[in-house]
Amino acid sequence: MHGTGSVQYSAACHYIIWRRHHDAEGNPTKNDKIKEDTVMLPAGITTYDLPYTFEAKDYLTLHGYRYEYEIIGIEYR
């Protein structure tokens with residue numbers, strides 16, 4: 001690899017972050033799309049943390065919603 005600061009990328013990961021709502025019995029009621037984005041994955045990695053953190057208090061509350069990632073596609077270069 002030549003040059004300074006150059007990074008080789010091997011894949012583009014497309015994802016959606018959903019806020020999924022549930023009623024008191026735990027049945028799904030609706031989904032809100034919070035974010036949709038693409039992140040470039042560096043070459044040679046085996047694990048990667050997607051760039052969004054879930055607040056613990058938001059994960060599952062008495063209001064009955066939780067956040068989750070949905071990977072909608074990975075394009076290898």
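The legends below describe close-up views of a predicted model. Local features need pLDDT of at least 70 and side-chain atom pairs count only at pLDDT 80 or more, while totals for chains, interfaces and linings use all residues. Residues are numbered from 1 along each chain as its sequence is written, and side-chain values use heavy atoms, with hydrogens and water left out.

**View 1. Overall fold of the protein.** The protein has one helix and three strands, in the order β-β-α-β along the sequence. Helices (H or I, at least four residues) and strands (E, at least two) are DSSP runs, numbered from the N terminus. Of its 77 residues, 25% count as buried, meaning under 20% relative accessible area with a 1.4 Å probe, protein chains only.

View 2. Strands β1 (residues 9-22) and β2 (residues 28-42) run antiparallel and are joined by 13 bridges; strands pair if DSSP finds at least two bridges between them. Five residues lie between the two strands of this hairpin, and G26 in the turn has a positive phi of about 90°. H21 of the protein stands opposite K30 in β2.

**View 3. Surroundings of R20.** R20 lies in strand β1 and counts as buried because its relative accessibility is 17%. Its side chain makes a polar contact with the side chain of E68 at 2.6 Å. A polar contact is a pair of N or O atoms within 3.5 Å; within protein, one must be able to donate a hydrogen and the other to accept it, and residues adjacent in sequence count only if both atoms are side-chain atoms. Leaving aside residues up to four places away in sequence, R20 touches K30, N31, G64, Y65, R66, E68 and E70 (contact: heavy atoms within 4.5 Å).

Terms used: Buried means under 20% relative accessible area, exposed over 50%, partly exposed in between (1.4 Å probe, protein chains only).
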